[in-house]
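Subject: A structure for you to look at

Hi,

Here is the structure I promised to send over. Could you open it alongside these notes and have a look when you get a moment?

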Amino acid sequence: MSKYTPKKQSVPHSAQLSGSDSIPEYKDFITWFEIPANNFDRACKFYSFIYQFKMETSEMNGLTMAFFPSSTGIGGAIISGTGSVPGDKGPLIYLNAGKDMDGMLQRIKEAGGSVLMEKTLINETAGHFALFVDTEGNKLALHAKP
């Protein structure tokens, strides 16, 4: 049995920064998010309850979607259909908890989700965060700025 040793790879010349080697500035690195759901209605009720709003739904390309209302900034949706598989592994999305993280954490519990980590101070500048699992088994985070 051989032991696998990864080879050290260099960045291809075409992928290196060109010109002034400056890093481009972006307003946001995330432009859209989708939270997968096995039970679309249950997921919509969960997020509508914890945020206290109604979500508009739509069907597109064989997928059912419910949209988080957003007039500016980053938008997202609950999505159900082929390829939408909830899970607690992979990237962690931080949702805005606004000014009432304690109330939102309570509503998560009332709506059938579970809180993995209660409201925790990051630091005075960055604010607080918490971790939770929604009714579909997705692990997400909440963030509240000071």
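Below is what I found in it, going from the overall layout to a few individual residues.

First, the ground rules. This is a predicted model, in which local features need pLDDT of at least 70 and side-chain atom pairs count only at pLDDT 80 or more, while totals for chains, interfaces and linings use all residues. Residues are numbered from 1 along each chain as its sequence is written, and side-chain values use heavy atoms, with hydrogens and water left out.

**Overall layout**

The protein chain holds two helices and eight strands, where helices (H or I, at least four residues) and strands (E, at least two) are DSSP runs numbered from the N terminus. Their order from the N terminus is β-α-β-β-β-β-α-β-β-β. Of the 146 residues, 33% count as buried; here buried means under 20% relative accessible area, exposed over 50% and partly exposed in between, with a 1.4 Å probe and protein chains only. The chain exposes about 10,300 Å², and carbon and sulfur atoms supply 53% of that (Shrake-Rupley method with a 1.4 Å probe; for residues, only the protein chains shown count as cover). Among contacts (heavy atoms within 4.5 Å) between residues at least 6 apart in sequence, 51% join residues at least 24 apart.

**The sheet with β1 to β4**

Four strands make an open, mixed sheet in the order β1-β4-β3-β2, counting two strands as paired if DSSP finds at least two bridges between them. β1 and β2 (56–60) are at the edges with a single partner strand each, so one side of each is left without a neighbour in the sheet. The twist averages 30 degrees from one strand to the next; for angles, axes are lines fitted to C-alpha atoms, for helices over the stretch in contact, and the values run from 0 to 180 degrees between N-to-C directions. α1 packs on this sheet and touches β1, β2, β3 and β4, its direction making about 0 degrees with that of β3.

β4 is worth a look. Five bridges join β4 to β1 in parallel, with Phe33 partnered by Gly76. β3 and β4 (residues 75–80) pair antiparallel, also over five bridges; Ala66 is the bridge partner of Ile78, and Thr64 stands opposite Ser80. These two strands form a hairpin with six residues between them, and Gly73 in the turn has a positive phi of about 85 degrees. Both faces of β4 are covered, with Gly75, Ala77 and Ile79 buried on one side and Gly76, Ile78 and Ser80 buried on the other.

**The sheet with β5 to β8**

The other open sheet also has four strands and mixed pairing, in the order β5-β8-β7-β6. Its edges are β5 (94–96) and β6 (114–123), each with a single partner strand, so one side of each is left without a neighbour in the sheet. Neighbouring strands are turned by 25 degrees against each other on average, direction ignored. β7 (residues 127–133) and β8 (residues 139–144) run antiparallel and are joined by six bridges, one feature being His128 opposite Ala144.

Helix α1 (residues 40–51) lies across β5, β7 and β8, at about 50 degrees to β5. Helix α2 (residues 101–110) lies across β5, β6, β7 and β8, at about 165 degrees to β6. The buried residues of α2 pack against α1, β5, β6, β7 and β8. Gly112, which follows α2, has a positive phi near 100 degrees.

**The core, and one buried glutamate**

The largest nonpolar core has 25 residues, of which Tyr47, Ile78, Leu95, Ile108, Phe132 and Leu142 touch the most other members. Such a core is a set of buried Ala, Val, Leu, Ile, Met, Phe, Trp, Tyr and Cys residues joined through side-chain atoms within 4.5 Å. Its largest share, six residues, comes from α1. Leaving aside neighbours within four places in sequence, Ile108 has contacts that include Phe46, Ile50, Phe132 and Leu142.

Finally, Glu136 sits in the loop between β7 and β8 and is buried, with a relative accessible area of 9%. A polar atom of the Glu136 side chain lies 2.9 Å from the backbone nitrogen of Asn38. Beyond neighbours within four places in sequence, Glu136 also contacts residues including Pro36, Arg42 and Pro86.

Best wishes

How values were computed
Polar contact = N/O pair within 3.5 Å; in protein donor to acceptor, adjacent residues only side chain to side chain.
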